[in-house]
Amino acid sequence: DCKEFSNGIFEGIKEEDLQKKVFNPPYETSGFKFENGTDLWAAYSSFDPKYDTISYPKGETKEQARNRFMNAIENYIKENPNIQNLAVVAHGAVIRFLLSKVCPETLKEKIKNAETRIIYYDNKKGFFV
């Protein structure tokens, strides 16, 4: 399933509006406690994998989204074993989640709009290279 990433109750809220939010009581997720939207946004948009299990309220974690996206791609490849090339077009966050799984060493900064990344999949070995 390659639907967009779920931001839960913050779906459609602008970053600057989220950063103004104060949580009362504090919002807790995956062992982390957030007093305000600024801290939650900073953790959520961080490249640090320790935050891969946090989510916005009623949203999905980066880890859940990454697994869902990877499963969709891997299922497509299995169903189409003779495929030579596959283009995956997605928002930067989705690309970032995929890259964090298959080649985390390439993630040094935010994925820019319209940026292209090439990832190779070895059909014989059954994994990304």
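**View 1. Two salt bridges turn up in this structure.** For a salt bridge, a side-chain nitrogen of Lys or Arg has to sit within 4 Å of a carboxyl oxygen of Asp or Glu. Keep in mind that this is a predicted model, where local features need pLDDT of at least 70, side-chain atom pairs count only at pLDDT 80 or more, and totals for chains, interfaces and linings use all residues. Residues are numbered from 1 along each chain as its sequence is written, and side-chain values use heavy atoms, with hydrogens and water left out.

**View 2. Asp 52 pairs up with Arg 66 in a salt bridge.** Their closest N and O atoms are 3.1 Å apart. Asp 52 comes from the loop between α2 and α3, while Arg 66 belongs to helix α3, so this is a link between distant parts of the chain, 14 residues apart. (Helices are DSSP runs of H or I with at least four residues, strands are runs of E with at least two, and both are numbered from the N terminus.) Asp 52 counts as buried at 13% relative accessibility, and Arg 66 does too, at 9%. Buried here means under 20% relative accessible area, with exposed being over 50% and partly exposed in between (1.4 Å probe, protein chains only).

**View 3. Glu 60 meets Arg 68 in a salt bridge.** The N to O distance is 2.7 Å. Glu 60 is buried at 12% relative accessibility, and Arg 68 is buried with a relative accessible area of 15%.

**View 4. Six aromatic pairs come out of a search of the whole structure.** One of them is Phe 10 with Phe 23, a tilted pair at 6.3 Å centre to centre and 35 degrees between the planes. Phe 10 sits in the segment before α1 (15-19) and Phe 23 in strand β1 (residues 22-29), 13 residues apart. Rings of Phe, Tyr and Trp (its six-membered ring) pair if their centres lie within 6.5 Å; planes under 30 degrees apart are stacked, over 60 edge-to-face, and the rest tilted.

**View 5. Phe 10 also pairs with Tyr 56, edge-to-face.** The ring centres are 5.3 Å apart and the planes stand at 80 degrees. Tyr 56 lies in the loop between α2 (37-44) and α3 (62-79), so the pair ties together parts 46 residues apart in sequence.

**View 6. Phe 10, Phe 23, Tyr 27, Tyr 44 and Tyr 56 make up one aromatic cluster.** Over the face of Tyr 44 lies Lys 62, 5.9 Å from the ring centre. A charge sits over a ring if NZ of Lys or CZ of Arg is within 6 Å of the ring centre and within 35 degrees of the ring normal.
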